[in-house]
Amino acid sequence: MPRRKPITKLGVFGKYDQNPEKAVENYFESKLNNKFHINVPGWDVARNGFELKGIHTDREYMEITKEQHRMRAQAERQVAVNRKRLRQTTELLQRMRSEFVELNDFLKDCEMKEQNALDTVKREKEKHEQYGKKIAQLETDLEKLDDFVVKYEQTIDQFEPFERVMKETIAESKTFNDMEELIQRCDSLLLAQVEISAVEQQKIQEIEEIRQNLFKATKTALHIITGLNNDLSELLTQYVAAKEEGLRWEKSVTVVKSYMVENESSMNCLLDAINHVYMLLRKRRGAQPKAPRGDVETQLDHIKEEIEILHEVRKLAAAKRANDGHSLCAEKGTERRKTAL
């Protein structure tokens, strides 16, 4: 008697499924139906035994060992790369530090030169003020001398009519014996006028020389100040560029440090997790942990053994649950089937 009603029909080329959409589903459902039918294993089907479990366990162990070796080699390569990056970063930091020291010395020299230039300009300004005061004093003296000369000429013009009176006075007076004394008096006045003119010319020449020297000093100071301003502009540009470069490298170093800190924290978290699992498994066994926190290989081997044992227990429990409700013959097969095998 068939298990189900017929699900095929006869066609031109053979039998066909009446409902092809459910044919596969029905096939597997019928194949897995073990309630009223016993699926006798074939002679070439491996039985569930310790040998098969040992083979599966060895295969899993080999795969896990290969994966462990691969991950260890990858970790070693990553450590070498990180060491190389750290060494390059350290060398770059040392070179930047030396360049910063040189730039700082150069800026100090420029600052000292700038201070010297400012002192020189200040001294030149003080000299300029002193020369200005002297020039003002000399101009005042010249104005006074000009006034004196004008007044003197006016005095001579005013006293010319008195010449005749003087002659008459010399002729009539007893103080002057002759005209010589009067001429000497006139020569004395002329010499005084010549001396005054010479002093005037000398003062004019001195004023002119002072003006020329002041103009040269002002022009030289202007050139010096212009050159210093240009140097200061170039130094300021270089300083800004160096500052931007330093900030850019500082950001790079900060990113590298944060990356190293994150890697270190991840590694510490992983080691803590492994150690915690190891301690839980040892506590489950009722034993004290033997491997320290740094012995990762020993802890992983122990965890692997415990996991394998748990897998075996889970498989045995699943097999037992699958065989619940079966007879002893259903679990082990009939004697007739065993004899045929």
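## Exercise 1: the nonpolar patch

Helix α4 (residues 179–285) gives the most to the nonpolar patch, with three residues. Before you start, note that this is a predicted model, where local features need pLDDT of at least 70 and side-chain atom pairs count only at pLDDT 80 or more, while totals for chains, interfaces and linings use all residues. Residues are numbered from 1 along each chain as its sequence is written, and side-chain values use heavy atoms, with hydrogens and water left out.

Task: find which residues form the nonpolar patch on the surface.

Step 1. Nonpolar side chains (Val, Leu, Ile, Met, Phe, Trp, Tyr) are joined within 5 Å, like charges within 9 Å.

Step 2. The members are Leu-86, Val-256, Tyr-259 and Met-260, with about 320 Å² of accessible area together (Shrake-Rupley method, 1.4 Å probe, only the protein chains shown counting as cover for residues).

Step 3. Zoom in on Tyr-259, which is found in helix α4. Helices here are DSSP runs of H or I with at least four residues, strands are runs of E with at least two, and both are numbered from the N terminus. Tyr-259 has a relative accessible area of 37%, so this residue is partly exposed.

## Exercise 2: His-302

Task: decide whether His-302 is buried or exposed.

Step 1. Recall the cut-offs: buried is under 20% relative accessible area, exposed is over 50%, and partly exposed is in between (1.4 Å probe, protein chains only).

Step 2. His-302 comes in at 13%, so it's buried.

Step 3. Look around: His-302 lies in helix α5 (residues 296–323). Leaving aside residues up to four places away in sequence, His-302 touches Tyr-278, Leu-281 and Arg-282 (contact means heavy atoms within 4.5 Å).

## Exercise 3: ring pairs

Task: work out how many aromatic pairs there are.

Step 1. Rings of Phe, Tyr and Trp (its six-membered ring) pair if their centres lie within 6.5 Å; planes under 30 degrees apart are stacked, over 60 edge-to-face, and the rest tilted.

Step 2. The count comes to one aromatic pair. The rings of Phe-148 and Tyr-152 have centres 6.2 Å apart and planes at 20°, so they're stacked.

Step 3. Phe-148 and Tyr-152 are four residues apart in helix α2 (residues 50–159), so about one helical turn separates them.

How values were computed
Patch = residues over 30% accessible without salt bridge, like charges linked within 9 Å, V, L, I, M, F, W, Y side chains within 5 Å. Salt bridge = Lys/Arg side-chain N within 4 Å of Asp/Glu carboxyl O.
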